[in-house]
Amino acid sequence: MEAGSRESESNPTRGGAVSEDDPAKSPPRPPSDPGKPLASPARRSKEETSESDSGRRKRKRVTDSRVLPTRDSASSGSDSSAYSSPLREPKAPVVPLTDEDGSVSYVFTSDKAAVHKYYNDVEKYDAKMARHERLLTSGRCSITERYTLKDTEAVITYAKSVLTLSSYQDGKVMNQCTGIVVEVDAVKNSAVILTSAWIICSKKPLDDWKNKEYDPEAKVNVHMLDGSVVECRLMYFSKHYEIAYFEIPQASQLQILSLESNVEFDQDVFLLARDTDLNLIYKRDKVQLVDPCEHQHNHYQFVHGPIPECGTGGALLDLSGKVVGMLFYKLPLVAFIPSSLILKCSIMWQRFGQLARPQLGLKLGTLGFLGIPRVDFMSRNFNISSGLIVGEISAKCDAEKLGIRAGDVIFSCQKNRVSSIVQLENVLLGVGEKHLEKSNDLSSEVDVEIGVFHVRKRTQSVVTLRVELSDHLEVFHSDLYLPMRLYNNADPKAVGSKGEEAPVSAGGEAEP
């Protein structure tokens, strides 16, 4: 045979040949005996009939002995023929061809009907393979999402405590959230689920500092993992921290997750939530070193996420399976409220039936996030290495009256050093708890002592604020003050609060 003709026949799908000397180009299923020509379709069918029938009988006997019929199949008299056919790649109708140099190649048979049937079988095989790849057990996680078997077993165990909730107003679905089972009462045969107060929120402005509307009478259902739906009862909710507790009846069999009060920036964590179909949402993440935006509450911390809206109320767990926070759907990052604040609120509610929090009227940021060189400058020159930057002040609040301005640094509260917003929030809740131990009256005011570094005057002072106590949302009243985000990027002689100029260094830039 000519070399040119062999070259033109090198692709068997085009009727060409493939050299046996090149394993990479060999056909998928060459005949077991290359020297034996393939039988014609009719002859092969006749020769293989008895063997294939025998094989089917054997397979049927094995299947019948191992698979128990269902009630439906038993009543209808169906057998194993109801199962789909095995997934097998079609066998190419090729025949061996010996070249002049003794090498063996394979070419399609001259039987056009056999070749046509082969192509039809390939199409059916591809379609069946596509269906197979959509099976529940066919998917595999990507390299970046590879988990160990130990990780999988642990997460599946934790996920038994993560459920879906839905709320209804006037018979219509209002919201859907995730919830975390945190308590079980064997005596009452009930469980307590922690979730976001967003589940009963009927008016949700983008700005967390503006009034929200809640419907405590809304019907709330818990969607159990077995597919059943149970109506639950609202026990308590906080408008400011947006946490809520519901009681689930007949649910003492549920597993609980414990809350852990410690969470650190850059800590390894993972997210657990559920979508509206109870499908688990799982993602490894890290606690981010960022502050809230101007429209977000001070007490939020963040992870990358993402989660869908119904993931609000989901669990943020440390690697030991303890809940270190509860998730909130926010943009651009997923927010969470640390468990230390949840635990503090829970204790106050159990002891006093209400929450008391002093409202300072300040939007705050973390000094440590300004960058090491600037923190070093403040540490060397003013002995301030940690604290909270005042970003914005609520109009006409006591802090404004006492001279606190945007850019000032709060370094202590009630004589406790504070370096994070969560630390400050815990101190404030402690002030409220001490007040409730003496009186249940939330209409009174309390004194909160804070240490302030006045960045314009470059002086430190201790200021006592007379502020309101409340278990409601802290509403922020904006005025003409620049948010800290704008203040940091302002002109070197940017006008500060009340028309004061920011201090300018010798180089002409506003100093930290």
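**View 1. Glu 437, at 47% relative accessibility, counts as partly exposed.** Burial is stated by relative accessible area, where buried means under 20%, exposed over 50% and partly exposed in between (1.4 Å probe, protein chains only). This is a predicted model, in which local features need pLDDT of at least 70 and side-chain atom pairs count only at pLDDT 80 or more, while totals for chains, interfaces and linings use all residues. Residues are numbered from 1 along each chain as its sequence is written, and side-chain values use heavy atoms, with hydrogens and water left out.

**View 2. Arg 351 forms salt bridges with Glu 437 and with Glu 433.** A salt bridge here is a side-chain nitrogen of Lys or Arg within 4 Å of a carboxyl oxygen of Asp or Glu. Between Arg 351 and Glu 433 the N to O distance is 3.0 Å, and this pair links distant parts of the chain, with Arg 351 in helix H6 (residues 339–352) and Glu 433 in helix H9 (residues 421–438), 82 residues apart. Helices (H or I, at least four residues) and strands (E, at least two) are DSSP runs, numbered from the N terminus. In the pair of Glu 437 and Arg 351, the closest N and O atoms are 3.3 Å apart; this pair, too, joins helix H9 to helix H6, across 86 residues. Arg 351 is partly exposed at 46% relative accessibility, whereas Glu 433 is buried, with a relative accessible area of 14%.

**View 3. Arg 456 and Asp 408 form a salt bridge.** The closest N and O atoms of this pair are 3.8 Å apart, and the partners, 48 residues apart, lie in two loops: Arg 456 between strand S23 (445–454) and strand S24 (459–470), and Asp 408 between helix H8 (398–401) and strand S21 (409–413). Arg 456 counts as buried at 14% relative accessibility, and Asp 408 counts as buried at 2%.

**View 4. A network of salt bridges links Lys 188, Arg 233 and Glu 247.** The structure holds 18 salt bridges.

**View 5. Helix H5 (residues 149–159) has Val 155, Tyr 158 and Ala 159 buried.** These residues cover an arc of only 95° around the axis (taken from the directions from the helix axis to the C-beta atoms), which puts them on the same side of H5. Leu 149, Lys 150 and Glu 153, on the other side of H5, are exposed. The buried residues of H5 pack (contact means heavy atoms within 4.5 Å) against strand S4 (162–169), strand S12 (268–274), strand S13 (280–286) and strand S15 (315–317).
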